[in-house]
Structures are given as structure tokens and as C-alpha cells.
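Welcome, and thanks for taking a look at this one. Please have the sequence and the 3D view side by side as you read the notes below.

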Amino acid sequence: MIEIERKFLVNSTAFKAEAILKTRLVQGFLNTHAARTVRIRIKGENGFLTVKGKSTDDGLSRFEWETEISKSDAENLLKLCEPTIIEKIRYEVELGTHTYEIDEFLGDNEGLIVAEIELDSENETFEKPEWLGTEVTGQIKYYNSQLSKEPFNTWKT
């Protein structure tokens, strides 16, 4: 139940041509405490309840527990979430033995595109496609729970 993940900005939309799957996601947070977050997500026609623990100092790993719930339950729980609900399109791109999940954010986070890759160990090597940009692993402002509080369109560049 430990998630090991690296996160990157994306420097082009070339990943869309490589995507094997495209899914709309809507998610909110029942709790965004620094030590734990509780997320409600609708992914396609499925609902999910996810609890995540605090990240390690480098941001590479943290506890994650997830269970599927009905879409109807997820829709009702989203009404109880803290502001703001996040909407995004997720693209999945297979590269070597890994799958990149690329999130193109909508709404208040429009313009932000982030790629994540889950790994089996913190030192695992992986292929990096040309569209992969700057690594932002461990930068809290890119966590979805933080984007719900301080959306991308409010950032000062």
C-alpha cells in the first residue's frame, strides 16, 4: 500500500497521439490535512474513495489506500467536499514496462498538464519521453489536494 511515484510537467501535447486511454475525472477532498488526505473521485462510470498519508520528505512515496464505491455514492460525497472540485482529462501512455498517467486539468487549473509514473522502487529506472518536462516530485503545490485550494490560475508566474 505504499505508492512510489514521480511527477513531471509536460512540455507538449504530443502524448495525446500515444495515449491508449482517455478518461474524464472529477474529484474532491473530504479532508486535506497535511498528515492525510481523503479523496472522492469519479473516473468514467466508477467511484472511488482514497486515503493518502503524508509523503516522505523527498515526495517519492506515501501510504495510499483506495476502494471502489458506486458512482452515485461518489456524486453524493462530492457535495460534502472542501472547495474546489478538480476536473481533468487523464491520458494513459505505455512506455516500456511503465504507464504514464498524464492529467490535463480543466476549470480553475486549466493550462496545467502533469505526468505521473508509478514505480516499484524509489531508484527504479524508466524511459523518459520527449514530451516529459521538469520534474516536480515532492513540490506540494502540484498535489491535487493543494490544487483544490490554490488553483493553477491563481499562481503568480
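Trp-65 sits in strand S5, which spans residues 61-69; strands here are DSSP runs marked E of at least two residues, helices are runs marked H or I of at least four, and both are numbered from the N terminus. Please keep in mind that this is a predicted model, where local features need pLDDT of at least 70, side-chain atom pairs count only at pLDDT 80 or more, and totals for chains, interfaces and linings use all residues. Residues are numbered from 1 along each chain as its sequence is written, and side-chain values use heavy atoms, leaving out hydrogens and water.

**Trp-65 and the surface**

- Trp-65 has a relative accessible area of 34%, so it counts as partly exposed (buried is under 20%, exposed is over 50%, and partly exposed is in between, with a 1.4 Å probe and protein chains only).
- Together with Met-1, Ile-2 and Phe-63, Trp-65 makes a nonpolar surface patch of about 440 Å².
- Patches are made of residues with over 30% relative accessible area and no salt bridge; like charges are joined within 9 Å, and nonpolar side chains (Val, Leu, Ile, Met, Phe, Trp, Tyr) within 5 Å.
- The accessible areas come from the Shrake-Rupley method with a 1.4 Å probe, and for residues only the protein chains shown count as cover.

**How the strands pair**

- Strand S3 (residues 36-43) pairs with strand S4 (residues 46-53) in the antiparallel sense over eight bridges; two strands pair if DSSP finds at least two bridges between them.
- The hairpin of S3 and S4 has two residues between its strands, and Gly-44 takes a positive phi near 65° there.
- S4 also pairs with S5, in the antiparallel sense and over six bridges.
- Across from Phe-48 stands Glu-68 of S5.

**Around Arg-39**

- Arg-39 belongs to strand S3, and its bridge partner in S4 is Thr-50.
- With a relative accessible area of 8%, Arg-39 is buried.
- Its side chain makes a polar contact with the side chain of Glu-66 at 3.2 Å (a pair of N or O atoms within 3.5 Å; within protein, one must be able to donate a hydrogen and the other to accept it, and residues adjacent in sequence count only if both atoms are side-chain atoms).
- Leaving aside neighbours within four places in sequence, the residues in contact with Arg-39 include Gln-27, Phe-29, Phe-48 and Lys-52 (contact means heavy atoms within 4.5 Å).

**Salt bridges**

- The structure holds 13 salt bridges, each being a side-chain nitrogen of Lys or Arg within 4 Å of a carboxyl oxygen of Asp or Glu.
- Lys-52 forms one with Glu-3, and their closest N and O atoms are 3.6 Å apart. Lys-52 lies in strand S4 and Glu-3 in strand S1 (residues 2-10), so the pair ties together parts that are 49 residues apart in sequence. Both Lys-52 and Glu-3 are buried.
- Glu-3 and Lys-52 are also linked with Arg-62 and Glu-64 in a network of salt bridges.
- Lys-43 forms a salt bridge with Glu-92, the closest N and O atoms being 3.8 Å apart. This pair links distant parts of the chain, with Lys-43 in strand S3 and Glu-92 in strand S6 (residues 82-95), 49 residues apart.
- Glu-45 forms a salt bridge with Lys-71, with 3.2 Å between the closest N and O atoms. Glu-45 is in the loop between S3 and S4, while Lys-71 is in helix H2 (residues 71-78), 26 residues apart.
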